[in-house]
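Q: Can you walk me through this one? I'd like to start with the loops and then move on to the ligand.

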Amino acid sequence: MAKTVLTYGTFDLFHIGHLNVLKRLRALGDRLIVGVSTDEFNAVKGKKPVVPFDQRIEIVRSIKYVDQAIPEENWEQKRLDIQRYGVDIFGIGDDWRGKFDDLGDSVEVVYLPRTEGISTTEMKRVLSAFDERHVEQLKRTLDSISQIVKELS
Ligand code: C2G
């Protein structure tokens, strides 16, 4: 019997960690459906993605392991989506371990190990070093250093 797998995520600044989890989830079944969090729902989650929703869902849709991508608009839609798409397996990275066990009354719930050493949060932190304020600060520091060098020489 063909198995349908369901997962959700923001997939902001798409990276190898996102690709690995989608690849592993697809290997658990015959069809993978991915709920991509809207920008409005991410605000509820306290997240502000760099890449807007319509681009994130287009990227996820274009991943060869993904058979269908749908908007994720709230926490409650998981049970409706499970019924609507005839889902057999709900899977997500183990940073959510235990959070969706309640779904175990209608589907198999799987938590997969995260890919170490890569995260959107870390990428955003690195990128923030290049934002205008930091660059301005850097410029001022370099100016005062060159001033000191001039005075010493
Ligand atoms: N992930 C991973 N390894 C990483 C980073 C992320 O395996 N290094 C996995 C996460 O565990 C998740 C998926 O990639 O399964 C998407 O991660 P996020 O975009 O951070 O998703 P999140 O905002 O946590 O949304 O209703 C559930 C939420 O929508 C999950």
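**Loop and ligand**

A: Leu-13 is buried, with a relative accessible area of 17%. Buried means under 20% relative accessible area, with a 1.4 Å probe and protein chains only. This is a predicted model: local features need pLDDT of at least 70, side-chain atom pairs count only at pLDDT 80 or more, and totals for chains, interfaces and linings use all residues. Residues are numbered from 1 along each chain as its sequence is written, and side-chain values use heavy atoms, leaving out hydrogens and water.

Q: Where is Leu-13 found?

A: Leu-13 is in the loop between S1 and H1. Helices (H or I, at least four residues) and strands (E, at least two) are DSSP runs, numbered from the N terminus. Leu-13 is not a glycine, yet has a positive phi of about 50°.

Q: And Phe-11, buried or exposed?

A: Phe-11 is buried, with a relative accessible area of 7%. Phe-11 also sits in the loop between S1 and H1. Its phi is positive too, near 55°.

Q: OK, ligand now. What is 2.8 Å from an oxygen atom of the ligand?

A: A polar backbone atom of Phe-11.

Q: Which distance goes with Asp-95?

A: A polar side-chain atom of Asp-95 lies 2.6 Å from a ligand oxygen. For Ser-37, an N or O atom in the side chain is 3.3 Å from an oxygen atom of the ligand. A polar contact here is a pair of N or O atoms within 3.5 Å.

Q: Which element gives the largest share of the shell around the ligand?

A: H1, with three residues.

Methods:
A polar contact is a pair of N or O atoms within 3.5 Å; within protein, one must be able to donate a hydrogen and the other to accept it, and residues adjacent in sequence count only if both atoms are side-chain atoms. Buried means under 20% relative accessible area, exposed over 50%, partly exposed in between (1.4 Å probe, protein chains only).
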